[in-house]
Amino acid sequence: TAPGPCSYTTLRDEAVKLFNSLQQLESERDPVPLMQGVLQTCLDLPPLVDEIYCQLVKQTTEPPAPGGQGDLHYWQLLTCMSCTFLPSPPVLRFLRFHLDRTESHFPASEMAKYACFIREALEKTKGRECVPSLEEILVLMQRQEMICTVHCPGVPACSVAISSHTTAEEVAQELVSRLGLSQSPNLFALYEQSRRREQPVGSATLLADVLTRFE
């Protein structure tokens, strides 16, 4: 196998490292950085995405303590994966079967709630430029939305609730509606501003990716 980018070794070695990370995840007090590390490796080495999905399905099938902290950590990482990557069609079918089975065996449980959230996310996920930020991972672990603050000329800053799938165009349209500008002939767009530059955000760009770049 050819070496991966950055400091990665072979895909086989990286798969072993990821498996060890998953084992560590079960007892990790603060799982967020570890989850982000797994997601980053999958982003850099796409062939490992299916591997991690399969490992997470295995870890959440008949766990020793259903609904325990370790089990929920696996479900939380699976949630983050579903908002970041689409698995291949065979793995996607396998995953959907696992989600249905979980909801059937553990109705109204936390696992079933994660399974429902993941199924809905998979319908919207198209792939990400960046892995979720630490803040996004935290809200995904709670199956919630992020609050994005947008500064508009001449008016107070606006807070907008966004998901991992919300595009810049969707936020711009919501702000235009809120500010009563729907009938304006002008065009509106979001801009990303840092200390060094200011640039428009593409209409199809995911706001979650922009927030990760700020992090």
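Helix α2 and helix α7 meet through Val32, Met35, Gln36 and Leu39 of α2 and Leu134, Ile137, Leu138 and Met141 of α7; contact here means heavy atoms within 4.5 Å. Helices (H or I, at least four residues) and strands (E, at least two) are DSSP runs, numbered from the N terminus. The residues of this contact divide into seven nonpolar, one polar and no charged. In this division Ala, Val, Leu, Ile, Met, Phe, Trp, Tyr, Cys and Pro count as nonpolar, Asp, Glu, Lys and Arg as charged, and the others, Gly among them, as polar. An α-helix has 3.6 residues a turn, so residues three or four places apart point the same way.

The axes of α2 (residues 32–44) and α7 (residues 134–141) come within 10 Å and cross at roughly 105 degrees. Helix α2 is therefore roughly perpendicular to α7. Axes are lines fitted to C-alpha atoms, for helices over the stretch in contact, and angles run from 0 to 180 degrees between N-to-C directions. Angles under 35 degrees count as roughly parallel, over 145 as roughly antiparallel, 65 to 115 as roughly perpendicular and the rest as oblique.

The model is predicted: local features need pLDDT of at least 70, side-chain atom pairs count only at pLDDT 80 or more, and totals for chains, interfaces and linings use all residues. Residues are numbered from 1 along each chain as its sequence is written, and side-chain values use heavy atoms, with hydrogens and water left out.

**The chain as a whole**

The chain comprises nine helices and four strands, in the sequence order α-α-α-α-α-α-α-β-β-α-β-β-α. Its C-alpha trace spans about 60 × 45 × 35 Å along the principal axes. Of the 215 residues, 44% are buried, where buried means under 20% relative accessible area, exposed over 50%, and partly exposed in between (1.4 Å probe, protein chains only). Among contacts between residues at least 6 apart in sequence, 65% join residues at least 24 apart.

**Salt bridges**

A salt bridge is a side-chain nitrogen of Lys or Arg within 4 Å of a carboxyl oxygen of Asp or Glu. The count by this rule is 11. Three of these pairs are listed here.

| Pair | N to O distance |
|---|---|
| Arg119 and Asp100 | 2.5 Å |
| Arg119 and Glu103 | 2.5 Å |
| Arg128 and Glu136 | 3.0 Å |

Salt bridges that share partners join Asp100, Glu103 and Arg119 into one network. Which helices does the pair of Arg119 and Asp100 link? Arg119 lies in helix α6 (residues 110–122) and Asp100 in helix α5 (residues 89–105), 19 residues apart. Glu103, also in α5, is 16 residues from Arg119. Arg119 counts as partly exposed because its relative accessibility is 23%. Asp100, at 43%, is partly exposed, and Glu103 is partly exposed at 25%. By contrast, Arg128 and Glu136 are both buried.

Over residues 144–215 the chain is 26% helix and 22% strand, with the end C-alpha atoms 19 Å apart. For residues 146–215 the values are 27% helix and 23% strand, and the end C-alpha atoms are 14 Å apart.

Within helix α9, Leu207, Ala208, Asp209, Val210 and Thr212 are buried. The elements covering these buried residues include α7, β1 (146–150), β2 (158–162), α8 (168–178) and β3 (191–193).

Val210 of α9 is classed as buried because its relative accessible area is 4%. Leaving aside neighbours within four places in sequence, Val210 is in contact with Glu192, Val201 and Thr205. Val210 and Ser133 are 77 residues apart in sequence, yet their C-alpha atoms are 9.6 Å apart in space.

Is Thr205 buried or exposed? Thr205 is buried, with a relative accessible area of 17%. This residue sits in the loop between β4 (198–200) and α9 (207–214). Not counting residues up to four places away in sequence, Thr205 touches Thr166, Thr167, Ala168, Val210 and Arg213.
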